[in-house]
Amino acid sequence: MINLSEVLLSWWGMQNALSKYIRATDYLSAAQIYLRGNFLLSEPLKREHIKPRLLGHWGTCPGVNFTYAHINRAIIEHDLNMMFVLGPGHGFPAIQSNLFLEGTLSKFYPNLPQNGVGLAELARSFSWPYGFPSHSNPEAPGVILEGGELGYALATSYGAVLDNPDLIVTCLIGDGEAETGPTATAWHITKLLDPGKNGAVLPILHLNGYKISGPTLYGRMNDEELTSLFRGYGYEPHFVDAYQSEDVHADMIKHIDEAIASIRFTQHCAREGSLHENPRWPMIILRTPKGWHSIKQIREKKIEDNHYSHQVIAENCLHDDEEFRLLEEWLRSYRFNEIFDGEKFDDEIMSLVPREGRKMGSNLHAHGGEPHFKPLILPELTDYTIRGTCNLDDPICGEVSSMEKIGAYLRDTMKLNEGNRNLRLFSPDETYSNKLQAVFDYTDRVFVWPHKEWDKDLAWDGRVVEMLSEHSLQGLIQGYILTGRHGIFASYEAFVQIVASMADQYAKFLKIARSVSWRGLIPSLNYILTSTGWRQEHNGFSHQNPGFIDGVLQRQGCFTNVYFPADANIALATFKRMLQSTREINVLVGEKRPLPIWRTQSEAEKDVQDGLSIWEFASDADPHMVFVAAGDYPTQEVLAAISIVRRELPKLRMRFINITSLSALGIGNSQCRVLEKSFEEYFTPDKPIVVNFHGYPQTMKQVLFDYGCNSERVKVHGYEEIGSTTTAFDMMIRNKVDRFHLAQEAFRCAIEAGVADEATVKQLIVKHEAFLAKHQEYIIENGDDPIDITNWIWESRS
């Protein structure tokens, strides 16, 4: 028989433990923002105990602490493998408080023992020079999202649970963050989440009503409106309302338990094969006052439950007696001395700390390395590269699509790693368009919602994730990679710019994470940018933008690479290196249409290793000038220009250098070893240099600046933001990256080299300007480039 008094006593004990836990973490959160001394309030508060600069965000912390305490209870109750992702990263004091209380901080930071000494250091170090930052960051255990730039928590959480069938991620989304576009699209990701093969996300939408200076949109929506919205998204909302609830702890316990039961039931049905309807996932909508349990009012300003509690409340406490008094009253209201004696926390509080291996702060999924990171098993390149009969002093053989070859290589890599289920392709509805469709010989696009009989390459379980939201894809791949798995993000070059800011935030996270000793290896974040601007002549100006690489090249350090493979063999060698690398950001920029093969497999592999090479078949000894190219079409145009110059001025000696990769450190790859030989050995000490660059000219000029190159010696051609719907070759002409403009640069160099006089050079320039005018006339009349342009082949030297 159930003993009712024991049940009530147990229930009261749980309520009491939760209240004490939240009191403790709320106090720790406030102490981090305000205190530099008297951390236990063992004496009257004095102004010298207050930090001189009050930094941080208080308003969201109480709701975070409330949630963390209740999730801990659920972990213990249901033995859950759970991570915690915080959307509003400015609530970091709350994260630190919980990490300290559960003992995880002490595990990774021995100078932060779980006692009064550690508490003092925790509070003193927050938002302090050479201490802890104000926002979530990779130096905090369990964190995979900084959350400084809002909007990415939900997509990142879904990325973490892909192929992790036993993992649940609790994702706390602020109502300010919920207003962002990336969050709005991320709610749809459940439609791409097979419950049979993946874990689950428990979204908690935290409505505290206010942003930094006004109300939130979601905070002013009523329950009926929110229910309609989220049921439309495919969720079942559970409401917990601290304003109306008679027992908010009881409500939160009830709804979390119901959510966990719903998740487990959906997964069970999917895994036994009885789930035939659209899965409807649970979510919790939590309403609490902003700045809960703090100062209610300062003079005429309402503080708690208003936007004034967003950041530091009583910010003038060092100089204002009234605010100083209110601050001390508030801090003492937690009666922290009753639940922490300077050596340990109250036993009831510690009863809410999960066992080792279940603490959210020390979840191994969040820290990289073993057991969740496994290097990929990769095919040998010899089965994919173009081999055999090409003699590059003869007309070239064949043309091959780099993307089709990469698609085949990726397909077979997926096959080889089938047992590990640790490789996915992410693409915004462009896998076919970008010529990577060979992957569909092995796998499908994941799509969980209804299928039509005419749908192609769709399945509940597929390795390809397609969604027309670059933000969601970026969040997904970040969550996937940061939890140890491998991903490729393939996009049209122009539209990957949509996630430039997200990539910047990830680069900041990665830069710090690489220096954190306890964070293990993770795969690199690999982008493929194709459908490049040089062949977007049919879509026009809006589709022509090579700017994404600029931001990548601004990242200082040994972890960013931008690759410009000139042919399919180099592209394959590049792709293999990207998949083998760890803790980097790699960008491969290549065209999807067939192009000539210039390099053998061994040459291609060395080009990728060195980052640049002198192509001997297009070079002369003791050159008068140096041609340089980075990119597939720029390379083809330089080689065509060299053919023209050899025909017109056979005595002008030229060297051709192909740049395969750039990093923030300059030409070459990011292994902190940029050039195998000196710059002068490649580029000569003083000869003119003409560069044909895939992107904006200024980008390459910045790279060359570090090598002491001046504008008199170096001329850089590239995309000059001139585009339209036109022909492919006209696009190049308009931006002066075509063979005729490049040849004219060489003609001008011939004067200084003593190979031709000014009159001869002038005649050659007039001649080739006439070619340009004739080309324009031709395309206006015929609508396409002439065959001698489209069918050009390399001319051997006679």
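Glu-745 and Arg-748 both belong to helix H22 (residues 739–753), where they sit 3 residues apart, about one turn of the helix. Helices (H or I, at least four residues) and strands (E, at least two) are DSSP runs, numbered from the N terminus. This is a predicted model, in which local features need pLDDT of at least 70 and side-chain atom pairs count only at pLDDT 80 or more, while totals for chains, interfaces and linings use all residues. Residues are numbered from 1 along each chain as its sequence is written, and side-chain values use heavy atoms, with hydrogens and water left out.

**Salt bridges within a helix**
- A salt bridge (a side-chain nitrogen of Lys or Arg within 4 Å of a carboxyl oxygen of Asp or Glu) joins Glu-745 and Arg-748 at 3.9 Å, N to O.
- Glu-745 is buried because its relative accessibility is 14%; buried means under 20% relative accessible area, exposed over 50%, and partly exposed in between (1.4 Å probe, protein chains only).
- Arg-748, at 42%, counts as partly exposed.
- In helix H12 (residues 402–416), Lys-415 and Asp-412 are 3 residues apart, and their closest N and O atoms, 3.8 Å apart, form a salt bridge.
- Lys-415 is partly exposed because its relative accessibility is 42%, whereas Asp-412, at 15%, is buried.

- Arg-463 and Asp-163 form a salt bridge at 2.8 Å, N to O.
- The two residues are 300 residues apart: Arg-463 is in the loop between strands S11 (458–459) and S12 (464–466), and Asp-163 in the loop between helix H6 (153–161) and strand S2 (167–174).
- Both Arg-463 and Asp-163 are buried.

**Network and total**
- A network of salt bridges links Asp-163, Lys-197, Arg-421, Arg-424, Asp-461 and Arg-463.
- The structure holds 43 salt bridges.
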